[in-house]
Amino acid sequence: MKDVPIDKKISPRSKAVIILIGLFFIGIVLGIVFAQIGIGEAKEVLQELGIRLSGLQERQFTNIYTLFIVVLVLDLVLLVGLLWIYIDMYRKTKSSFMMGLTLFISVLLVRGLLTLFMLHALFTRYLRAFPVIRELLGDSGFGTFSFFISIFEIIAVSILLYLTME
């Protein structure tokens with residue numbers, strides 16, 4: 001019987017893909033959890049205002065809110081992963097370029113955190129300001145442009161993370 005070496009190393013590409021998939025999974029799961037918490041609070045606001053949503057309206061509201069929160073949390077998780085890698089590289093190299101990348105990603109991370117918390121606060125204020133259901137569901141208050149910027153940022157950070165790991 002031949003001995004098979006167990007300590008074979010994973011190629012950098014495979015490692016990068018595995019880490020990206022893991023971060024995407026973590027981001028989606030955390031996003032769904034945060035969205036469920038936020039939806040609960042938003043439903044309380046609707047109850048305070050005496051607004052009852054039909055089944056279709058509630059699904060639309062839940063889907064839109066969940067989608068936006070998942071995208072934001074996914075972006076944050078990818079930024080945390082990238083920040084972790086850059087901090088590790090900086091500790092090893094003490095390169096000023098790595099310090100600059102670390103600060104750059106830190107600023108993006110703070111922006112993402114502020115966006116996540118402000119989105120929920122603005123959305124619940126939006127509910128209070130526009131209690132008419134047609135207005136509420138006709139314009140979700142989130143802004144499609146902002147949503148697509150977040151999608152492109154996820155793509156850009158994913159590419160940067162992959163290239164950094166490779």
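Q: What share of the chain's contacts with a separation of 6 or more comes from residues 24 or more positions apart?
A: In this predicted model, residues 24 or more positions apart account for 80% of those contacts. Contact here means heavy atoms within 4.5 Å.

Q: Which elements make up the chain, and in what pattern?
A: There are five helices and zero strands, so a strand needs at least two residues in a DSSP run of E to be counted, and the chain has zero of them. Read along the sequence, that gives α-α-α-α-α.

Q: Why is Gly 81 called buried?
A: Its relative accessibility is 13%, and the cut-off for buried is under 20%, so Gly 81 qualifies. This glycine is found in helix α2. Skipping its neighbours within four places in sequence, Gly 81 is in contact with Leu 23 and Leu 161.

Q: How far apart are the C-alpha atoms of Gly 81 and Leu 161?
A: They are separated by 7.9 Å, although the two residues are 80 apart along the chain.

Q: Is Ser 150 buried or exposed, and how do you know?
A: Buried: the relative accessible area of Ser 150 is 9%, and anything under 20% gets that label. Ser 150 is found in helix α5 (residues 144–165). Leaving aside neighbours within four places in sequence, Ser 150 is in contact with Val 71 and Leu 72.

Q: What makes Lys 94 count as exposed?
A: Its relative accessible area comes to 56%. Lys 94 lies in the loop between α2 (55–93) and α3 (96–129). Its phi is near 55°, a positive value in a residue other than glycine.

Q: Why does Phe 34 get called partly exposed?
A: Because its relative accessible area is 40%, which falls in between the buried cut-off of under 20% and the exposed one of over 50%. The place of Phe 34 is in helix α1 (residues 12–49).

Q: Which residues of α1 are buried?
A: Ala 16, Leu 20, Leu 23, Gly 27, Gly 31, Ala 35, Gly 38, Ile 39, Ala 42, Val 45 and Leu 46 are.

Q: How do you know that the reach of α1 is close to the expected one?
A: With 38 residues, α1 is expected to span 56 Å at 1.5 Å a residue, and from its first C-alpha to its last it reaches 54 Å.

Q: Which residues touch the most other members in the largest nonpolar core?
A: That core has 36 residues, and the ones touching the most other members are Ile 69, Leu 78, Leu 82, Tyr 86, Ile 105, Leu 116 and Leu 161. At least two residues each come from α1, α2, α3 and α5, and α2 gives the largest share, 16 residues. In soluble globular proteins, nonpolar side chains tend to be buried together.

Q: What is Leu 78 in contact with, leaving aside its neighbours within four places in sequence?
A: Leu 20, Leu 23, Phe 24, Ile 154, Val 157, Ser 158 and Leu 161.

Conventions. Residues are numbered from 1 along each chain as its sequence is written. This is a predicted model: local features need pLDDT of at least 70, side-chain atom pairs count only at pLDDT 80 or more; totals for chains, interfaces and linings use all residues. Side-chain values use heavy atoms; hydrogens and water are left out. Helices (H or I, at least four residues) and strands (E, at least two) are DSSP runs, numbered from the N terminus. Buried means under 20% relative accessible area, exposed over 50%, partly exposed in between (1.4 Å probe, protein chains only). The expected span of a helix is 1.5 Å times one less than its number of residues. A nonpolar core is a set of buried Ala, Val, Leu, Ile, Met, Phe, Trp, Tyr and Cys residues joined through side-chain atoms within 4.5 Å.
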